Each structure stands twice: as structure tokens, then as C-alpha cells.
Amino acid sequence: MPTNPKPRLFALLVGIDEYVSPISRLRGCVRDVKDVEQYLLRHSGFEGPQIRKLLNAEANREDFVKAFREHLGQAGPADTVVLHYSGHGTREKADKSIWTHETDEALETIVLHNGKSDRSFDYLFTDKELRFLIHELYEKTKAHIVTIFDCCHSGDNTRNGALISASYDSVLTRRITRSGSLFPKRPWNEFLFGSQIPEGPNVMTDNLLPQGAHIQLAACESDQVAMEVNEQGVFTQTLLKVLQESGGNITYNTLRSRVRQYMRAGFEQTPRVYIPINADSLLHKGFLNREVDPERYFCEAVRNDTTGWQLNAGAIHGVKEDSAIKLITAEGSTYEAKVRKNGIHIDFTHLDVPAIPGDTGPCRAEVTGLLTTRLVLSLENHDATPEEAGELVNELQKLASGGFSFGEEEGAKDREKDMGETEQPDYVLHLNNGDAYLTYPGDPYRPLFEPIDYLGTAGPDGFVTEEEKEERRKMIAEALRHVSRWHFIKNLHNPIPPPGLGKDPLRIEITRILADGTSAPVNIQEGEAVLEYQKVGNVWTGKVKIRITNTTSVNLYVAAAYLQKDFGTFLKFIPARVQLLEPGKSIDLGLDGNDTINLSPGDVEVQYNWEVVREAIKFIVSTVLFDAEALVLDPLPEPLTLAGRDRAGLPKGLVTTPPVSIEGWTTQTLGLVFKNPYYNRVPAQMILDLLEWEETAWFAAGLYTEIEKDEHGFPTQLALKKGLVLPEDERTFLSNAKMWLGNVVETTTRWFKYNKLKKDPSRIRVVAEGDSWFQYPILLKDTLDHLYKRYAIRSFAEAGDTLENYLKKREYVKAIGTEGARFFLVSGGGNDVVGDEFPGFLKKKTEVDPSEPSPERYLNKVAFTQQLDRLEAWYDQMFTELLTKYPDVKILVHSYDYVIPVDPRVTPKKSSWSGKYMVDPEIAIEPQSEREAFLRLILDLFAARLKKLENDPRFLGKVFYVNTFGVVPRDMWYDEIHPTNEGYELVAARFIEKMQV
């Protein structure tokens, strides 16, 4: 009887370091190939993988096509095919009459070895040719095909390139750029399929150039750079790291999510997965088409000199005394391990491994049959450097004891052809304002415990040490492990409850006790009860009675673990901790001998404006007496409230817990939902106090306010969010305060951030002055917000500010000296050019001479020249004063980007600074392209003055003009004169590039 053939693996691995000039060489691609080869040989799960390598000159166009067809073409329907490419990527010009779907008029290509050829067609291999080969291969083999590309196809403007280059030593980018231009368009006969497919506009139809079923993993998005750091491709190395951590027991979608999170943390790269056919099915297949076993779990085992081998998984993950455990050394050798007697603890397990050599290092551990409840975290990095974020993620993974992993970023919105499904996080870990804190997804302004300074306490020299940073990483990891333990208790259940107990052995009743002594039952629906407070005088309070009754015919031992919102649990509602409850008998829960429980809203709920607070009581029910002390957790420190403004310091550690051991048991959970009576009804003074205190200003601004534009259209003011209700006597007070200027709150927050970040000796100190391109409060991440990931910036910028006003205040002058700043960044002149004075630079249509060239004919040259003279004089005054006082400081100034005027006749709800004047009937500059050309003209003239100052002998080598023209794409403008978050990130990259030089 015929048997199914054993699946085989065919791999083609391509790595090119030694390109021929003028193409720049790389250093990590051959190493990537060797590392992938070792993974496939040792860990792929296939016997005798058939691997073909093309390295350097071997990876020419002819041999690449031959190896693809002949080597990979040996596969059959049961087999898996892998193409891995490490090398340069680039783009070539597309014939838009043929490739009609390429809106950027470019084809993406990999760069094969160029040898001595001067013709790009000889070594560039387009995505369309790969599509042709993959379809050909799939039709021939019907194999499972995976392609992995560690390269990029971005142009000059990238969001991550400058930041990563400034953050790591030995950085190379895997792309070729040609000063902003594309490689030339290739003739049709130069395409691999040129002789087989007729040239024409319908080539991309499935009939002529169809897709082949495959999974593509790509290193980054099109406006990001694929990096190699320390002679390793970061995408390839991260991919291998996640695969090894999971033992390959991972789906493509989960692999994508975890690789993305790792790479966003340390390298600001966002890999993609693309599946053109059967995406829903293939996305959830195991990597390399292997079966995924949800009960097969991989973790780590290390040898301790005192206690022997220790597994970083325990009761929290479902480790049992008879769990099957296999240790796998770095060389691939395997050893059987057993759980030591009484060796299971909450989140680690002691092992006996009799046969393993004494000098064996840390091992990967495969454990089967676990019922793990691993938490999924998303990392949201606001201001940690890439190194800090990457080190933190790596350290947390080491210290996590398997309790949590990093998955998809919160609210990921891809602008690319990425087909992955978001792995929804349980929590979001924020690195913001120098602090680390946890929130629920989609709720960034309500921290769940007191933020932890992720840098630590500075020494006598004002800087933190690496040891202190390490201590803080451990503190953050311990807090997350604590949350993981809390979830273990919350989710604790026996998948096979003992006979006689049934699903719900306890009857739970809740009674609300009112102030007048009367009572009313509280309805419990689907295991959850909603508890409301009662106002007595001016105080909201409440009282409930919770009664449990044994509904079974056997004696029960019961513990009630109260799961608090601050991740603490305690057993005090039952005085004996574990209470014998005979059949039909009842007990009332209470504290200190009382049979009722009082309710009171706390400061955190009130000041952080929680609508409801969710807690729970987990009842553990057993037929034998058990020790419940392992269920006790001290609460984590609560988020800061106004009552704690004078409190200093953070706890250095958390209480650990003893082993859990319960037999013949089951659980019931009572969910408690407390409705906050103060929700959206908060005192005005409390809001102002929260906004004024630097520790809470950022959270309070997000919770209670929204940006309101001033009379000039700039985001300088805060207004109460809709839905908030203030007492009648406080409304006028808050209105007169104008809800605190948005600039003031943002400045307070940034001062707090700066004082935290300047402790890091790796951050260069910077002073900045500017307008809304340097400070756009709350709504947008402006230029400085992105620069905080590399520099400690003392900012004096304010939205709507002008260059003339900078010189009046001169706040930056003293700060450069007191803070020891090496750079001064200034963003000024934009409001002077396209702000209130803009109408004076326009001629009325009756004054326009049609014989003049456009757009110069619309410009009031006298008025605009006078304005440029003033701006140049102000900048001259600023630079002269600063360089006289601080001759070593470097000054960077920029020219904004070519703004796109809004036509209020077309989009009346959009803010318009310049467009509204140009469409005025007395001016009437038409069409839109003429208006855009006019703005380009005046911004070019402004930039010419900045370049003139840069080249002034007095300022040469001291003042640097940052050219930000053409950086922000048309689809990255938030409004007429402000980019989106991504647009500002591109602007920030130009500053980093200049500062690095």
C-alpha cells in the first residue's frame, strides 16, 4: 500500500557582500546566509534539507535564475521551498503605459551581483520577474513556497535610516540610491519573460502574469531602510531569534507580529508579510508548513550553581510533576529532564537532568502539555533610544519566565501591502517621558501602576550608570511578571473538575445595603455584578453583603481571592483564609469580623476619570484542605495622584510567592464592576492641578482636554473634552483660565521629559527654539518628538511663535550654557512668511502683469523683500550673540517644506493660512498648481537667505542649513502647513543626518 512521501525542504540562499564599485559593499549578507543555513540544518524539522547557496559573484543573474528553476524545481507537492535573499535592493523606472498599477512609476528590484557590467538590466531583478518565476515554480511543484527578503527598496527619504545610523556603530543600509533618481527603464526584451509574454498594457492580468501561491516575508516598509548592524542583517537575525525562541512552533502571523515588535523597538523597522493567494489559510499555517501544536511550549533552562537546573516556566504555565521536558543545547544535542520533587513554583521549576554534561550552557527547553496563559504586550516607544528600547525588550524576554511576550503594535495601520492580522495585545507597555508604564490598549492616558523611571537615579556626575539602567530593566520586568502572576490567579481553573463538584458548586448572592438600612438584591449576569455608589451628603459611598452557599452534598474548603485593580490579591474576606463549608451552609464575606463590605471610589478612579473599575473575586473550591497563601500578591504602586505630590522614590522590588499545590479543586469567578460616580464630573481645580503638575500633566491633558486653535489657526489652547460636566460655579473660572494654554502644558511635559532623559550619558544635549514644527501640542508627534529618541532636548518652542518673539524672550541663550548643549536647533520664519502678513505679499489681480513669468507675477516684491530682510537681520542677530557667547555650539536652521494650500471653497472645514487669501476674488490665483508654485517661490526665497547666512564667513562651520524641501509626501500633510506624524519623522531624519555630520 503506497505511503505519503516524507516532506522535504529545498532552500536557495543568496547573500552578496562583495558588490563591484560603484555599488557599495555590504558586510553581513554572507553571514546571514550561513546563519540561515545552520537554522535549517539544525532546527527546521526536516531530515537532510537540500540547500544551495549563491554567495557574492556566484549570485549573478544567470546563475540565480538557473538555481531557482533547477534546484528549487526538484520539489514536489508535499515539500517546502525557501528562497532567502540578503543584499541590496533598489528601484528602477517603470513604463507607466504597461505597469499601470505602479502609482510611483517604479519597479522594486533586488540587486544581484553586478560583476563588471555597466547595464543595470544585467544585475537588477525586478519584482515582476520574481512573480513570473514563483508562478512557474508553483505550477510545476505545487510546493509550499516561502520567500524572505532582507533588503529594501526605499528612496532617499526614509523614516528610520538616520536614527538607526546615529544609534549604533557599524551600520550599513541594504539599498542603492541614485541621488533621488531611479535606475533607467528597461526595454521589454530585457525582462526574463520578454520573449514569452507580449508587451502591452494588460500584462498584470492573471492570464498573462499570474501569481503563484507563496508567502513573502519582507524586511521593512517602502519608506524605511533595511539595516545591517555589526555585520548582521537585523531582519534575518531577529527572524532567527524568534524562530529559535518558539522552536519553530509558530504560525506565519504570530511570527510576523513578534518580529515586527522586536524590530520596531530596536531598529524602527516594520517587516511585512505578503500572501497573494489563499492568504487566510496560509497566514495561520506553521512556519515552513510545519504543524503547530498549541500545547507545545518553548522556554529556557539555565544551570544555577546552588539549585541546579531551573526552567523559566512553572505553575503559572501549567507545569506538572509528570510534564515531558526536553533540553536542547546550542549545538542541537537533546537531553531528557524531569521535574524535581516539590520543584514547581509559581513561574519557575527545578529540574533533574542526570545525563547532561557539567559544562553545558543555557538550553532551549521544549515542554509539552502546558495550558499557558502568556500575556501579549505591545511596546509603544515615545522617547527611548533604539538601543534602550531594544535592550529593554531583550532583557524583559530573558526575565519574563515565559509570563509574557511581545506581539503586534497597538492599532497598527499599515500603508503597505501587509496581509498579517494584528495579534491583539493584552496591555501596552509605554516608554514615555523617561518612564515605563502599562495601559490597556487604546487607552494611553490611564497608567495601571506608578510609572517606573526606565533610566534610573543619576550619580554625583548627573548621569546614570549602565548598572543602574540594568537594575531598572529588572524592576520593569518584575512588575510585568507580577501582572502575569495576577492573571494566572484570575484565569486559574481546573480543566477537569473532580466528580461531584459540578460547574458552580457555590451559590453567590450580593445584596446592596442602602444608607437608610434597606437592602436590594444585585443582579449577577454571566458571572458579573455591577455595583453603584450612593451619595450621602457630599460623599459617595456604598455597602454590600456577599454570601456564598455550598450547593453540593460534600464538604468544601473555600478561599476567596480578591483581585484588585492594582494587581494585588488578598484573602482577608474570609478570616480563616481557607474556610470549611458544609453542604447547604453559607458564609458572608467581610473584613475584621464584619459581614458586609464597604465601597468607596479611590483617587486614581476619580483623577484619571475611569468610567468603571473592574475587579473580581476568585473562589477556589476544593474537597481537601489546601494552603492558599501562594495566591497572595502585594499590589503594585498606584499611579500618581495629587495626594502624592510630595512623595519621592519607588519600591525596589516585589514580594515573591511560594509554590501552589491544590488537589481535587475547581474555581468560580465573581466579576465586580464599580461605576465611578465622578466619571466626567470632576472639579475644575483638580483638572488644573493635574495639568500643572509635571508628573501628571501629560496624562491629564489627554484625558480631559482637546486642542483648540487660536484666532490665527495655531494649536495653542486647550478646551475641555466634550461630555465633561463642571459644577455651575466653576465654569466661569475654567473659561477665564482658557483651560491652560496648550503650549504651557506641552512645555511642562517636555521639561519633565528633558530632566529624565538628560541623565543618559549617551544622549547629546540640545536646546531648541521654534514654532509648531517643533511643538505641536498633543495631537501630533512633531519634529522634536521624534528627535527625543536620540537626544535630550531642552525646548522653548511654542506653536504660533515668531522669530521676532524668540529674540524678545531669548530664553534659549542662558540654557545653552547651563545645560552644556552642543547643538541649538531653531525653527523660525514660517509664521512670518505664510502667517498673518502673507496677504501683504500678494498683488491684487488688477496689479498683475501677465507678461511677467509665473509665479513671480503674483508677488509683491517690495513687501516680501522687506520681510526677508527683517528675518535675515533677526537670524543674524541671534547667531552673532550665540556664537560670541558659545563659539563651539552648532546651530541648525531649516526651511520647512513646500506646503500645499487649502482651497476653502473645496474643503471649507479645513484650516487655511495662505490658500484662503489666494482664492479671494481680488487676488484670484488660479488654478491650484499656480498657488502651489507661488508658495514654492516664496519658501525658496526664504531658504536662499538661510543659505546665505550659512555661507557667511562669520558663521561658516557653525551654522548649518537643513534642507527639508521635498521631504514630506503629499499624503503626509495633517493640514495646510503641518505634516502628519510620519511626515514630521521624515523631517526629523534630516536633522539627525546633519547633526551626525
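Buried, as used here, means under 20% relative accessible area. By that cut-off Asn609 is buried, since its relative accessible area is 2%. Keep in mind that this is a predicted model.

**Nonpolar cores**

- The largest nonpolar core takes in 236 residues. The residues with the most contacts inside this core are Leu589, Phe619, Tyr812, Phe824, Leu825, Tyr875 and Met878.
- Take Leu825 from that list: leaving out neighbours within four places in sequence, Leu825 is in contact with Val766, Val767, Ala768, Glu769, Phe774, Leu784, Leu787, Leu892, Phe991 and Met995.
- Another core, of 46 residues, lies apart from the largest one. Val14, Ile16, Phe68 and Phe149 are among its members.
- Helix α12, spanning residues 697–704, is mostly covered, with 7 of its 8 residues buried. Those buried residues are Ala697, Phe699, Ala700, Ala701, Gly702, Leu703 and Tyr704.

**Aromatic rings**

- The count of aromatic pairs comes to 36.
- One of them is Trp99 with Phe193, an edge-to-face pair at 6.5 Å centre to centre, with 75° between the planes. Trp99 sits in the loop between β4 (89–93) and β5 (106–111), and Phe193 in the loop between β8 (171–173) and β9 (215–218), so this pair ties together parts that are 94 residues apart in sequence.
- Both partners are tucked away: Trp99 is buried at 2% relative accessible area, and Phe193 is buried at 0%.
- The pair also belongs to one aromatic cluster, made up of Trp99, Phe132, Trp188, Phe191 and Phe193.

**Salt bridges**

- Side chains of opposite charge can pair when their charged atoms come close. In this model the count of salt bridges comes to 63.
- Asp383 and Lys753 form one of them, with the closest N and O atoms 2.8 Å apart. Asp383 lies in the loop between β18 (375–381) and α8 (386–399), while Lys753 lies in helix α14 (residues 742–757), so the bridge ties together parts 370 residues apart in sequence.
- Glu470 is partly exposed at 24% relative accessibility, whereas Arg473 is buried at 11%.
- Back in helix α14, Glu746 and Arg750 are 4 residues apart, which is about one helical turn. Their side chains meet in a salt bridge at 3.7 Å, N to O, and both residues are buried.
- An α-helix has 3.6 residues a turn, so residues three or four places apart point the same way.
- There's also a network of salt bridges that links Glu388, Glu466, Lys469, Asp760 and Arg763.

**Cysteines**

- How many disulfides does a search of the whole structure find? The search finds 0.
- For Cys151, the closest cysteine sulfur is that of Cys152, 6.8 Å away and too far for a bond. The cut-off for a disulfide is 2.5 Å between sulfur atoms.
- Cys151 is buried at 4% relative accessibility, and Cys363 is buried at 2%.

- The peptide bond from Ser21 to Pro22 is cis, with omega near 15°. Pro22 is in the loop between β1 (9–15) and α1 (29–43).
- Another cis peptide bond joins Ser854 and Pro855, with omega about 5°. Pro855 is in the loop between α18 (830–834) and α19 (861–885).
- Asp592 isn't a glycine, yet it has a positive phi of about 55°. Asp592 lies in the loop between β32 (586–588) and β33 (597–599), and is exposed at 77% relative accessible area.
- Asn609, the residue from the opening, also has a positive phi of about 55° without being a glycine. Asn609 is found in the loop between α10 (603–607) and β34 (612–622).

Definitions and conventions. Residues are numbered from 1 along each chain as its sequence is written. This is a predicted model: local features need pLDDT of at least 70, side-chain atom pairs count only at pLDDT 80 or more; totals for chains, interfaces and linings use all residues. Side-chain values use heavy atoms; hydrogens and water are left out. A nonpolar core is a set of buried Ala, Val, Leu, Ile, Met, Phe, Trp, Tyr and Cys residues joined through side-chain atoms within 4.5 Å. Buried means under 20% relative accessible area, exposed over 50%, partly exposed in between (1.4 Å probe, protein chains only). Contact means heavy atoms within 4.5 Å. Rings of Phe, Tyr and Trp (its six-membered ring) pair if their centres lie within 6.5 Å; planes under 30 degrees apart count as stacked, over 60 as edge-to-face and the rest as tilted. Helices (H or I, at least four residues) and strands (E, at least two) are DSSP runs, numbered from the N terminus. A salt bridge is a side-chain nitrogen of Lys or Arg within 4 Å of a carboxyl oxygen of Asp or Glu.
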